[in-house]
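Welcome, and thank you for looking at this protein with me. Please keep the sequence and the 3D view side by side as you read.

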Amino acid sequence: MTTRRGAALVLSEPMLSRCRPTSPAGVTSVGAAAASAAAFEMAEEETAYAYTEGQATLRSSAHRAVYSKTRKDDPGPRVVVGALPSRMRDTAVFGVDGPALRALRAAVVNLLDRAGADVGSWPASASASSSSERDLEDFVVPAASLKDLRGSARGKKFPRGPANATLAELVVQDAAFLAAFDALIDDAILPNLRSRLAACGVSLDVAEETSAKDAVGASGGTMRRRRVGYVQRPPTLRIQPGPSTRYVRPHSDDEYGHQDGEINFWMPFTSSQRTRTTLWVESERGREDYAETGVDTGECAAFHGTSKRHMVPANESACTRVSLDFRIGVEGFYDPKWVMRGTKADHDRREVSL
Ligand SMILES: [Fe+2]
């Protein structure tokens with residue numbers, strides 16, 4: 001496992017030249033392969049932003065929190081152990097590359113391939129190539145799909161627009177995508193989480209009291225079993241097109257009812273050198289000293305999003321960022337039954353052995 005922060009992003013002209021050129025109309029001109037260096041030089045000097053209104057990203061999650069009068073009486077999560085060890089709150093970037101990640105990326109391409117016009121599409125030139133050769137950076141989202149409807153759609157499940165609802169449906173119904181996600185969790189995420197917990201002195205075994213009739217042996221009354229992890233499933237798929245002036249505002253996830261006993265995971269499928277945007281996280285709650293996580297393709301960032309404010313700057317490039325994020329609650333530190341009052345459409349969870 002490696003931990004790093006504040007890695008400098010290096011702009012790579014040859015890579016950028018594979019992205020589509022910008023268009024003032026918000027509809028990308030295509031022929032990405034033919035995009036000339038001149039077009040990008042122009043974009044660098046005087047960016048014609050295609051996305052200037054609404055949300056920065058399309059997202060497949062409907063999780064949100066609204067005001068609730070009864071929240072002041074909410075006792076909060078009931079946890080057996082208490083707060084997570086402070087080192088579990090550190091931001092860490094670790095490698096996840098391998099067959100599971102490649103299968104998941106291919107599943108994302110296949111999912112977006114049949115997303116429909118409101119979510120987006122690939123330019124004709126990219127559509128001709130096989131899905132394994134298709135670049136997610138070239139995926140195009142219509143500017144109108146990012147329109148925020150909150151004022152006119154109060155109380156609706158997806159007030160931020162129908163494209164989010166379409167994306168959510170695709171994710172929930174895509175068995176291949178979910179199987180690939182589960183495999184990545186088992187093969188690459190859980191081993192990292194286990195080793196970090198163990199390094200912090202958190203035992204992966206727990207003692208469970210048993211009733212008298214279940215007790216076995218002279219020491220009956222307790223049995224040992226593996227600590228449980230609660231994996232948010234499905235994960236949230238996010239698409240941040242550019243060039244855009246829209247950004248993900250600094251926030252902490254306790255605003256949305258997330259608990260101290262959860263660890264956030266964030267992984268990009270697109271190159272940060274091409275999109276020139278990535279996740280930024282503060283070092284301690286309230287410090288606002290945001291630093292780039294430096295996470296890039298083949299890697300995953302773990303961070304404590306419940307307490308540490310985080311943000312994603314505007315994607316000013318002509319490439320699209322696609323990323324996946326989810327959380328894992330740790331038994332003893334996380335209450336699987338608690339839901340913050342006023343929270344709508346909470347995430348489902350898969351239980352795993354830590
Ligand atoms: Fe967040």
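## Before we start

The expected span of a helix is 1.5 Å times one less than its number of residues. Helices (H or I, at least four residues) and strands (E, at least two) are DSSP runs, numbered from the N terminus.

Residues are numbered from 1 along each chain as its sequence is written. What you see is a predicted model, in which local features need pLDDT of at least 70 and side-chain atom pairs count only at pLDDT 80 or more, while totals for chains, interfaces and linings use all residues.

## The overall picture

The protein has 7 helices and 16 strands. Of its 354 residues, 39% count as buried. Here a residue is buried if 20 or more other C-beta atoms lie within 10 Å of its own, exposed if 12 or fewer, and partly exposed in between, with C-beta atoms placed from the backbone. Two residues are in contact if their C-beta atoms, placed from the backbone, lie within 7 Å. Among the contacts with a separation of 6 or more, 81% are between residues 24 or more positions apart.

How confident is the predictor? Its confidence in each residue is the pLDDT, from 0 to 100. The protein averages a pLDDT of 83, and 76% of the residues score at least 70. Over residues 21-43 the pLDDT is below 50, and this stretch has 46 contacts in the model beyond near neighbours in sequence. Residues 1-17 also stay under 50, with 37 contacts beyond four places in sequence. Where pLDDT is low, the predicted coordinates should not be read in detail.

α6 has 25 residues and reaches 35 Å from its first C-alpha to its last, close to the 36 Å expected at 1.5 Å a residue. At Ile189, α6 bends by about 45 degrees, and the proline Pro191 follows within four residues. That bend is the angle between axes fitted to the seven residues ending at a position and the seven starting there. Among the buried residues of α6 are Phe177, Phe181, Leu184, Ile189 and Leu193. An α-helix has 3.6 residues a turn, so residues three or four places apart point the same way. Just after α6, Gly201 takes a positive phi of about 85 degrees.

A nonpolar core is a set of buried Ala, Val, Leu, Ile, Met, Phe, Trp, Tyr and Cys residues joined through C-beta atoms within 7 Å. The largest one has 60 residues, and those with the most contacts inside it are Val108, Leu184, Phe265, Cys300 and Ala301. Helix α6 (residues 175-199) gives the largest share of this core, 8 residues. Beyond its neighbours within four places in sequence, Cys300 is in contact with residues including Phe94, Ile189 and Phe265.

## Strands and sheets

Strands of a sheet pair through backbone hydrogen bonds, either parallel or antiparallel. Two strands count as paired if DSSP finds at least two bridges between them. Strand β4 (residues 205-209) pairs with β5 in the antiparallel sense over 5 bridges, and Glu208 has Met223 of β5 as its bridge partner. Is strand β5 (residues 222-226) buried or in the open? The number of its 5 residues that are buried is 0, so β5 lies largely in the open.

Elsewhere, 4 strands form an open sheet in the order β8-β13-β10-β11, with antiparallel pairing. Its edge strands are β8 (248-251) and β11 (291-292), each pairing on one side only. β8 and β13 (residues 310-312) pair over 2 bridges, and His251 stands opposite His310 in β13.

## Some loops to visit

Most residues other than glycine have a negative phi, and most peptide bonds are trans. The peptide bond from Arg233 to Pro234 is cis, with omega near 5 degrees. Arg233 is found in the loop between β6 (228-232) and β7 (236-240). Arg233 is partly exposed, with 18 other C-beta atoms within 10 Å. Leaving aside neighbours within four places in sequence, Arg233 is in contact with Asp348, Arg349 and Arg350. Another cis peptide bond joins Gly242 and Pro243, with omega about 5 degrees, and Pro243 sits in the loop between β7 and β8.

Arg276, in the loop between α7 (272-275) and β10 (280-281), has a positive phi near 55 degrees. Arg276 counts as buried because 21 C-beta neighbours are inside 10 Å. Glu288 has a positive phi of about 60 degrees although it is not a glycine, and its place is in the loop between β10 and β11. With 11 C-beta neighbours inside 10 Å, Glu288 counts as exposed.

Key. pLDDT is the predictor's confidence in each residue, from 0 to 100.
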